[in-house]
Amino acid sequence: MQLELRHLEAVCRIAEAGSLGRAAARLGVSQPALSAQLRRIERAAGGELFTRGRHGVEPTPLGEFVLSKARRVLGEMDALAAGARAAAPHATLRLGCILLVLVDRLIGRLDEELSGQEIAVSIDVEHSVTTLSRMLGAGQYDAIVYGEVDDHEVPLPEGVAARTLVPKEPFCVRMSAAHPLAGRDRVDLADLAGETWMTMVEDDDGGPEALVEACRRAGFTPSLRYRIADRKMHYDLIAAGRAISVSQPTAPPAEGTVLRPLAGDPITGRIRLAWNRAAVSERRARLLYRAAGLAYLDNVAHNEFHRTWWEARPELHPVLD
């Protein structure tokens with residue numbers, strides 16, 4: 001058997017995962033199938049590539065040699081594919097996004113940053129981070145912009161690079177302007193124990209779990225009743241006093257509602273950009289990052305409390321090189 005690119009990728013994934021079980025899950029195959037494939041690869045390589053123990057697998061000296069060469073070969077193939085796509089005339093860059101606040105501004109910023117690039121950009125909005133990641137891995141998107149809440153990390157497919165745009169932002173609460181707590185500068189989460197909550201539209205970015213856990217620490221279980229993606233309906237229900245919701249602090253004003261920071265920042269999020277290295281050159285990835293960063297900054301002034309919070313933390317600001 002001759003070694004192929006897929007065999008080199010399997011060896012790299014096993015080394016990164018530290019176990020056959022985790023590597024199989026990331027590759028989307030069964031563990032017995034991956035074990036059998038590894039045995040065939042080892043026969044072709046001329047020796048054992050990993051030692052197996054109670055705590056997983058570790059590369060042998062031969063394995064370290066094969067890994068170093070495999071990573072170089074795979075990196076060169078990624079660069080070849082990315083360079084070929086970047087050189088193709090009139091290419092379309094397919095961008096997938098979660099319904100983040102910055103999406104509204106991102107379209108215009110992309111037009112500015114990619115002007116003169118002879119490339120069209122298509123943007124789709126999804127309600128699932130898992131869907132975005134899967135479509136990126138399948139080549140249906142070239143890049144994605146997405147959010148993660150608290151400690152949740154979205155698994156990304158192989159061949160993908162990622163960069164954090166905003167490492168931390170404090171979620172706030174949106175409530176009716178007539179709410180008894182609407183006049184406060186800051187709201188304690190515990191004071192919202194009896195409220196009906198609008199759940200986050202994205203249910204696989206760690207958001208719902210983060211809300212439930214934050215409420216648990218505050219001494220109550222939230223009543224999660226509504227899950228509505230339509231912005232107008234979402235805001236109308238809140239304005240009518242039917243529900244409250246957590247929100248990005250950069251969200252714009254909505255008639256009949258107010259945004260208030262939560263004391264102690266019990267829920268935080270971050271925003272990331274990921275791209276397929278075989279489809280997006282490093283230069284275009286930098287332009288994408290810059291456009292997304294500028295789109296975020298366009299929204300910082302929406303709420304004075306967040307502008308003050310943001311300006312006091314320059315270490316969180318995106319580096320727009």
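Select E304 and R307 in helix α10. They sit three residues apart in that helix, so about one helical turn separates them. Helices here are DSSP runs of H or I with at least four residues, strands are E runs of at least two, and both are numbered from the N terminus. The side chains of E304 and R307 meet in a salt bridge, 2.4 Å from N to O. The term means a side-chain nitrogen of Lys or Arg within 4 Å of a carboxyl oxygen of Asp or Glu. Both ends are partly exposed: E304 has a relative accessible area of 47%, and R307 has 26%. Partly exposed lies between buried (under 20% relative accessible area) and exposed (over 50%), with a 1.4 Å probe and protein chains only.

A word on the model before moving on. This is a predicted model, in which local features need pLDDT of at least 70 and side-chain atom pairs count only at pLDDT 80 or more, while totals for chains, interfaces and linings use all residues. Residues are numbered from 1 along each chain as its sequence is written, and side-chain values use heavy atoms, leaving out hydrogens and water.

Y296 lies in helix α9 (residues 282–299) and W310 in helix α10 (residues 304–311), so the pair ties together parts 14 residues apart in sequence. The ring centres are 5.3 Å apart and the planes meet at 50 degrees, so this pair is tilted. The rule takes rings of Phe, Tyr and Trp (its six-membered ring) with centres within 6.5 Å; planes under 30 degrees apart are stacked, over 60 edge-to-face, and the rest tilted. The count by this rule is one aromatic pair. Are Y296 and W310 buried or exposed? Both are buried.

Next, select R290 in helix α9 and E113 in helix α5 (residues 103–113). They form a salt bridge, with the closest N and O atoms 3.1 Å apart. The pair links distant parts of the chain, 177 residues apart. E113 is buried, at a relative accessible area of 16%. R290 is partly exposed, at 27%.

Now select Y289 and R163. What sits over the ring of Y289? The charged end of R163 does, 3.6 Å from the ring centre. The criterion is NZ of Lys or CZ of Arg within 6 Å of the ring centre and within 35 degrees of the ring normal.

Go to R184 and D191. Their side chains meet in a salt bridge, 2.7 Å from N to O. R184 is partly exposed at 36% relative accessible area, and D191 is partly exposed at 38%.

Then select a group: E9, R13, E16 and E158. A network of salt bridges links these residues. How many salt bridges does a search of the whole structure find? The search finds 17. Side chains of opposite charge can pair when their charged atoms come close.

Finish with two backbone stops. Select D150, in the loop between β5 (143–149) and β6 (160–170). Its phi is near 55 degrees, a positive value in a residue other than glycine. D150 is partly exposed, with a relative accessible area of 23%.

Last, select D265, in the loop between β11 (257–261) and β12 (268–276). Phi of D265 is near 50 degrees, again positive in a residue other than glycine. D265 is partly exposed, with a relative accessible area of 22%.
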